[in-house]
Amino acid sequence: MADRDKPNHPTDPGREPDAKAELGEKSGKGFSRRQFIKGSGLAVGAGVLANEGLLKAAGIEVAPGVSGPGVVPVRLKINGREHSLRLQPRVTLLDALRNHLDLTGAKKVCDRATCGACTVILDGRPVYACTVLAIEAQGHAIETIEGIAPAHKLHPVSQSFVDNDAQQCGFCTSGFVMAVKSYLDHHPHPTYDEAKAALNGNLCRCGTYMGIRRAVLEAATKEKGGRV
Amino acid sequence: MANIAWPPASKRGLIGKSISRIDGPEKASGRAKYTYDQNPASLLVAKMLTSPYAHAKITALDTSAAERMPGVRAVYVFNGVGKEVNWEGHEIVAVAADTEELAEDAVRRIRVEYQQLPYFVDDADLAQAAKDGRARQLGAETSGDPSTGFQQAEVTSEGDYGIPVITHCCLESHGSVAQWQGDKLNVWISTQNVSGSAGEYAQSPELNVPASNVNVDCQVMGGGFGSKFGVDTWGLAAAALAKKAGRPVKLMLERKEELLMAGSRPSLRGKIRVGAKRDGTLVAWDSDSWGTGGMSVVGIHGLLPYIFRGIPNRGSRYTAVRTNTGPARAWRAPNHPQACFLTMAALDDLAAKLGMDPLDFFVKNLPLAGERAALYQEELQKAAELMDWKAKWHPRGDKAPGPTKRGVGLSIHTWGGLGHDSYCRTTIHPDGSVEVATGSQDLGTGTRTVINIVAAETLGLPLDGVRVEIGDNKYPPDGASGGSTTVGGVSSSTRVSATNALNELLAKVAPGLGTTPDKLEAVGGKVQVIGDPSKAISWKKACARLGTTPIVAMGQRNMSLISSGVGGAQMAEVSVDVETGVVRMEKMVAVQDCGLIIDVKTAMSQVYGACIMGTCYALHEEKIMDQQTGTCLNPNMEFYKLSGLDDVGDIVVHMMTDSAIESRGVIGLGEPPVISPGAAIANAVANAIGVRVPDLPMTPGRVLDALGKGEKA
């Protein structure tokens with residue numbers, strides 16, 4: 001589980017300051033996205049499969065003699081609720097949410113930890129769910145967009161997105177809302193420039209960044225008066 | 001009687017105001033269900049095998065190992081033995097299985113043998129294309145006498161310019177979920193063409209389903225930009241797999257497939273010569289241009305020079321080049337961004353050679369820009385004011401010390417609009433509730449909101465007094481959303497339909513109010529004698545007079561409410577680090593007219609978004625093809641780059657909205673503002689660093705190359 005101590009999302013508060021180097025390439029310095037492409041995630045998975053001890057160390061119950069590639073029991077704590085699933089160890093957290101729990105707010109777009117449409121919050125920190133294996137996410141508190149506000153209500157960040165038209169097609173929006181929420185949880189009083197720099201880990205194709213920038217600042221202001 | 005004409009500004013309660021999109025809460029809470037999110041019971045997932053080669057003949061195909069795998073439910077062959085595949089990503093087989101992972105495993109078990117065939121993917125190499133018989137001149141155009149024109153010219157500028165193939169890169173990839181219920185087919189499909197899709201399924205002999213048995217659903221969709229008009233081979237495959245398996249099937253393209261085969265914008269490259277008198281008056285133009293749209297022969301002939309069609313002596317020739325790359329599809333403002341970039345860059349280079357401020361140069365030549373010359377001038381002046389152009393412009397090459405150079409550039413553009421054919425149905429129920437239905441789609445532009453605003457305004461109701469139903473082909477048909485035609489179509493059909501329904505209601509209510517329908521209006525949730533709120537009844541009471549039968553009234557697109565043809569001016573300010581070659585868009589100003597604006601908020605978002613999308617193709621986007629292997633080097637989002645939130649500067653949008661412009665009626669806005677950014681940003685870069693970066697996107701490498709060549713020159 002050591003990997004979970006490293007940030008996999010540029011908005012993660014634990015990342016090193018972004019030097020914005022690499023000739024204008026978008027990067028979280030000290031932690032390349034390329035290190036976290038799905039391939040490496042699968043490699044971790046394979047290692048885990050081969051080692052029942054690791055699984056046990058990670059708190060995963062393993063039937064005697066069974067360690068994949070077939071389904072294994074997986075317990076996920078999502079939005080405060082425990083879910084017991086049976087998944088192949090290679091299933092990502094994103095696919096577990098979408099395909100096995102019908103939690104479809106998070107989207108798969110790039111599938112390579114680049115675009116952020118799959119952003120969820122793990123133990124209070126934003127992660128790209130497309131590059132976290134479901135088995136890795138066990139024992140951690142997982143928060144998805146479905147869990148940040150009661151039914152029929154909007155989280156202040158979502159409300160700010162609506163009010164500032166920070167969305168068009170809306171396909172990137174769930175991921176952005178989660179990245180913004182996580183950011184504001186850790187940085188409740190950002191400046192405009194700080195917010196801009198911190199939210200470079202999510203991409204939008206329609207070009208809604210102007211609205212998102214306004215939404216972040218407005219949500220920050222509103223949240224000072226209390227959260228949902 | 002209510003009249004269909006748009007209400008005057010003084011009487012508008014909703015139209016022209018800034019209103020939040022009505023599906024915003026669903027989207028911002030993650031509750032909106034896209035095609036990709038549909039998970040009907042016992043769903044299968046399909047994955048595709050596509051060609052790894054640019055051009056090959058399939059000599060053997062064995063799917064038996066895949067079919068034997070437990071959990072694999074159906075296989076569909078797009079292109080079998082003997083067929084040719086003509087680009088990397090060309091579809092071969094799709095497999096439906098119980099899970100996504102299993103479908104991927106099954107695809108890996110399929111054995112295909114290929115006979116590789118000659119291919120060509122490097123569209124920049126016109127000479128090779130000609131040698132291979134892949135270049136075809138689509139037309140030549142001459143006006144006046146170009147050779148005399150260049151003799152008259154006192155200053156001539158010549159340059160090569162290029163804009164590459166880019167992709168649509170919709171965040172929701174192309175795809176559908178197909179489900180059979182007996183002989184009825186239900187599909188959820190991410191489409192720009194809800195009403196037009198059933199007919200495509202009906203044409204498939206394999207599916208053997210009449211259009212009347214096909215239900216198409218698309219409540220929200222994750223981006224199209226011109227690439228999602230058809231159901232596509234993979235849409236038909238999903239329906240065929242579902243039929244074979246007897247279970248619903250979801251087939252969404254993988255990101256790589258999306259970038260390889262689901263839409264690209266044609267390239268445009270060319271050598272341009274342009275001449276002017278010393279005072280800046282344009283007298284001559286000559287261009288030899290070419291581009292590729294993949295294997296289909298497409299082109300922009302007739303668009304060069306862009307806008308400045310009145311240059312007295314001009315010649316232009318365009319050649320279409322066929323390459324083994326994924327097919328071209330309409331990309332937001334088809335062909336205009338390319339033609340705009342080549343033209344405005346060439347003119348800006350000439351202005352630099354003349355030693356003129358390009359603003360003065362463009363304004364001086366606006367008489368050659370046709371019917372919208374006066375509007376362009378007004379828009380350029382407004383843009384200059386918002387950019388502080390006169391203070392920021394300097395002759396080419398920022399002389400400020402240090403590695404960061406700043407510059408400004410400009411461009412103008414035009415687009416049509418009008419409205420696609422559209423039918424709308426308004427139902428007023430006896431309890432006062434209202435629904436408005438049309439088989440349209442909301443691509444994220446705000447279509448649903450616009451319909452709501454128009455209907456509510458027409459009926460004198462608040463927004464939530466009307467329920468909008470779109471995204472389903474059971475509603476009256478509405479055209480495909482392309483070419484900025486949607487708002488014209490739906491706003492006029494909605495206006496007519498709601499007016500017709502209202503007039504039926506007024507006729508029922510008038511006797512009870514002791515008057516005639518022509519003396520009544522619906523306003524503020526009441527039906528009242530025009531201008532006399534004392535003689536009124538509430539909307540609810542008025543509708544109660546209907547007894548038990550609702551009013552149902554149709555409306556169709558109406559040309560008196562809409563129009564075509566807009567202009568726009570954009571200015572960009574950039575900073576360029578001449579040591580690293582990194583360009584940053586610091587500020588953009590976009591001044592745009594679009595007739596009568598229904599919703600200012602979503603209209604502004606269209607323009608903001610277009611400036612950002614334009615920044616993406618100016619600085620980052622390129623489908624990079626490798627002639628050595630025939631494959632695409634960046635079919636993913638790490639290397640097919642889009643701008644991030646911190647990569648774009650400030651954007652100032654000014655919508656032209658005087659009464660003369662509003663009197664033209666509604667005109668679409670999706671295309672026009674995305675045309676100029678490439679040209680404006682490229683011209684700003686030339687202004688900053690003193691040399692032209694001839695090809696988009698202006699990557700650090702290309703900027704450093706241009707600087708290097710500039711030093712040698």
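Two residues are in contact here if their C-beta atoms, placed from the backbone, lie within 7 Å. Helices (H or I, at least four residues) and strands (E, at least two) are DSSP runs, numbered from the N terminus.

This is a predicted model, where local features need pLDDT of at least 70 and side-chain atom pairs count only at pLDDT 80 or more, while totals for chains, interfaces and linings use all residues. Residues are numbered from 1 along each chain as its sequence is written, and chains are lettered from A and ligands numbered from 1 in the order in which they are written.

**Chain A overall**

- Chain A has seven helices and five strands, and from the N terminus on they run α-α-β-β-α-β-β-β-α-α-α-α.
- Of the 228 residues in chain A, 54% are buried (20 or more other C-beta atoms within 10 Å of a residue's own; 12 or fewer is exposed, in between is partly exposed, and C-beta atoms are placed from the backbone).
- Among the contacts in chain A with a separation of 6 or more, 63% link residues 24 or more positions apart.

**Helices 4 and 5 of chain A**

- Back to the pair from the opening: the axes of helix 4 (residues 156-163) and helix 5 (residues 173-186) of chain A come within 9 Å and cross at roughly 125 degrees. Axes are lines fitted to C-alpha atoms, for helices over the stretch in contact, and angles run from 0 to 180 degrees between N-to-C directions.
- That angle makes helix 4 of chain A oblique to helix 5 of chain A (under 35 degrees is roughly parallel, over 145 roughly antiparallel, 65 to 115 roughly perpendicular, and the rest oblique).
- The crossing of helix 4 of chain A past helix 5 of chain A is right-handed, meaning the near helix is turned clockwise from the far one by less than a right angle, with anticlockwise giving left-handed.
- Sorted by class, this contact of helix 4 with helix 5 of chain A has five nonpolar, two polar and one charged residues. Nonpolar covers Ala, Val, Leu, Ile, Met, Phe, Trp, Tyr, Cys and Pro, charged covers Asp, Glu, Lys and Arg, and the others, Gly among them, are polar.

**Helices 10 and 11 of chain B**

- In chain B, the axes of helix 10 (residues 358-365) and helix 11 come within 10 Å and cross at roughly 165 degrees, so helix 10 and helix 11 of chain B are roughly antiparallel to each other.
- Helix 10 of chain B passes helix 11 of chain B with a left-handed crossing.
- Leu359(B), Phe362(B) and Val363(B) of helix 10 of chain B make the contact with Gln377(B), Leu380(B) and Ala384(B) of helix 11 of chain B. The class tally for this contact is five nonpolar, one polar and no charged residues.

**A four-stranded sheet in chain B**

- Four strands of chain B make an open sheet with mixed pairing, in the order 18-26-27-30 (strands pair if DSSP finds at least two bridges between them).
- Strand 18 (404-417) and strand 30 of chain B sit at the edges with a single partner strand each, so one side of each has no neighbour in the sheet. From one strand to the next, the twist averages 15 degrees.
- Strand 26 (residues 564-577) and strand 27 (residues 583-593) of chain B run antiparallel, joined by nine bridges. Ala569(B) stands opposite Val591(B) in strand 27 of chain B.

**Where the chains meet**

- The contact takes 52 residues from chain A and 49 residues from chain B.
- On the side of chain B that touches chain A, helix 1 (24-28), helix 3 (100-109), helix 16 (600-619) and strand 30 (648-656) of chain B each supply at least two residues. Helix 16 of chain B gives the most, with nine residues.
- That side of chain B divides into 23 nonpolar, 15 polar and eleven charged residues.

- The peptide bond from Leu304(B) to Pro305(B) is cis, with omega near -5 degrees; Pro305(B) is in the loop between strand 16 (282-292) and strand 17 (313-321) of chain B.
- Leu696(B) and Pro697(B) are also joined by a cis peptide bond, with omega about -10 degrees. Pro697(B) is in the loop between helix 18 (677-689) and helix 19 (700-712) of chain B.
- Asp102(A), not a glycine, has a positive phi near 55 degrees, and with 11 C-beta neighbours inside 10 Å it counts as exposed.
- Asp388(B) is not a glycine either, yet has a positive phi of about 60 degrees. Asp388(B) is partly exposed, with 14 other C-beta atoms within 10 Å.
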